[in-house]
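Here's a quick look at a ligand's surroundings and at some aromatic contacts. Have the viewer open as you read.

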Amino acid sequence: MTTVAFHTLGCKVNQYETEGIWQKFKNEGYERVDFDHHADVYVINTCTVTNTGDKKSRQVIRRAVRKNPEAVVCVTGCYAQTSPGEIMEIPGVDIVVGTQDRGKMIQHIEEHQEHRMPINGVSNIMKNRVFEEMDVPEFSDRTRANLKIQEGCNNFCTFCIIPWSRGLLRSRKPENVLDQAQQLVDAGYKEIVLTGIHTAGYGEDMKDYNFAQLLRDLENHVEGLKRIRISSIEASQITDEVIEVLDRSTKVVPHLHIPLQSGSNTVLERMRRKYSTDFYKKRIEKIQQALPELAITSDVIVGFPGETEEEFQETMNFVRDIGYSELHVFPFSKRTGTPAARMDDQVNDQVKHQRVQQLIELSNHQAYEYAKRYEDEVVEVIPEEFDQEYPNHLIGYSDNYLKVRFEGTKDMIGQIVRVKITKAGYPYNDGTFVRVMDDEALKI
Ligand code: SF4
């Protein structure tokens with residue numbers, strides 16, 4: 001049997017797509033082996049979000065070539081899309097496919113096996129207006145079910161290369177999203193995470209359908225679905241209609257990831273983010289009125305070019321004001337090819353580092369304060385795996401995204417389990433098992 005091995009770099013979308021590509025190989029009768037094993041075909045799904053992403057991708061490609069110089073080495077993903085020439089130059093690379101036309105990968109491999117010529121299958125992504133369907137009815141690691149609902153982004157923030165590697169916004173057909181969701185639920189997943197490049201921009205390229213409607217349809221038409229999580233939503237996408245859906249929903253979890261990037265209006269302008277802090281805050285206040293228990297997580301970039309101490313303090317104050325349940329803090333990193341990489345006034349690394357530390361400290365404090373509200377409360381957790389340090393302890397997330405550790409058994413993995421939080425903390429909350437929710441109990 002012909003063997004194939006995969007390595008995925010980068011984000012959830014890439015992980016999703018590797019599973020989609022694997023399904024195609026599986027249908028052709030390939031056997032999947034570990035990336036460290038000898039394989040006939042290696043597929044490396046690359047990332048380009050930072051310059052380090054490129055570097056890491058190149059290292060992994062070389063590793064595959066060393067492992068089996070006779071293998072067909074096929075490189076795909078964001079780095080492949082933006083720099084196919086650079087990748088083709090790496091000795092041993094046979095095929096490059098970008099972020100589209102993954103369906104042609106196996107055909108390219110067969111062609112290569114016949115002619116032994118390198119194939120560059122990358123074409124202009126900006127011309128693509130159609131979502132490329134990929135069937136992912138289950139996941140190899142069986143932990144979480146991501147469901148990709150859209151591709152691309154029209155925003156062109158000045159620090160971000162992604163629109164160049166993913167193209168413009170395209171939404172998956174609603175009927176295909178619903179079909180895929182049903183297959184995932186039938187495969188045993190209780191929670192579905194809606195994923196994409198600009199996830200809640202879903203529907204912006206459609207006439208009579210939008211993100212709120214998709215949420216409603218998932219809730220009403222996917223039989224047996226228990227939890228819906230939105231991987232990320234911009235403040236501008238929290239429309240009154242979305243708030244109404246969330247308010248009524250019994251399935252969309254009370255957790256939203258709402259990227260902030262900066263709490264200073266002047267920095268937001270330089271980032272070309274399309275909102276002010278005032279607008280962002282108003283949307284949050286509105287949704288908090290409907291969902292007072294909502295957990296809000298976010299991303300912040302620290303040390304954007306020209307960021308003064310005053311602007312940084314504006315971010316600190318804004319973060320204090322909002323009260324996040326978790327924050328991902330990134331030091332600004334120059335991504336070649338973006339406008340921000342060419343801006344004057346780059347902030348020096350030491351200052352960046354100090355600001356990152358300050359913000360992380362504040363964020364850790366807020367995360368703990370949020371978690372503390374749930375001490376002695378019972379929350380519903382979906383355990384994903386065993387803890388590496390504590391024997392017989394499972395780890396999973398509650399609906400409001402608390403990371404909970406408790407003593408449990410293997411059969412609980414993937415189920416909805418009621419757990420009492422005994423000691424709040426960050427990043428872990430300790431708890432004790434109460435009971436597994438069966439399907440009847442979940443209906444109530
Ligand atoms: S919204 Fe901005 S940061 Fe997000 S993918 Fe689009 S361009 Fe990149």
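What follows is a short tour of a predicted model, starting at the ligand and moving on to the rings.

## Around the ligand

The residues around it are C153, N155, F156, C157, F159, C160, P163, H198, E234 and R273.

Sort that shell by class and you get six nonpolar residues, two polar ones and two charged ones.

## Aromatic pairs

Now for the rings. A pair of aromatic rings is described by how far apart the centres are and by the angle between the planes. The model has 14 aromatic pairs. Take F6 and W22: their ring centres are 6.2 Å apart and their planes meet at 70°, which is over the 60-degree cut-off, so this pair counts as edge-to-face. The F6–W22 pair ties together distant parts of the chain, with F6 in strand β1 (residues 3-8) and W22 in helix α1 (residues 12-27), 16 residues apart. Both F6 and W22 are buried.

Y275 and Y280 make another pair, this one tilted, with 5.8 Å from centre to centre and 40° between the planes. Y275 and Y280 are buried too.

R405 has its charged end over the ring of Y428, at 4.4 Å from the ring centre.

How values were computed: Residues numbered from 1 in each chain as written. Predicted model: local features only at pLDDT ≥ 70, side-chain atom pairs only at ≥ 80, totals over all residues. Heavy atoms only, no water. Near = heavy atom within 4 Å. Nonpolar A, V, L, I, M, F, W, Y, C, P; charged D, E, K, R; others polar. Phe/Tyr/Trp six-rings, centres within 6.5 Å; stacked < 30°, edge-to-face > 60°. Helix = DSSP H or I, 4+ residues; strand = E, 2+ residues; numbered from the N terminus. Buried < 20%, exposed > 50% of the residue type's maximum accessible area, 1.4 Å probe, protein only. Lys NZ or Arg CZ within 6 Å of the ring centre and 35° of its normal.
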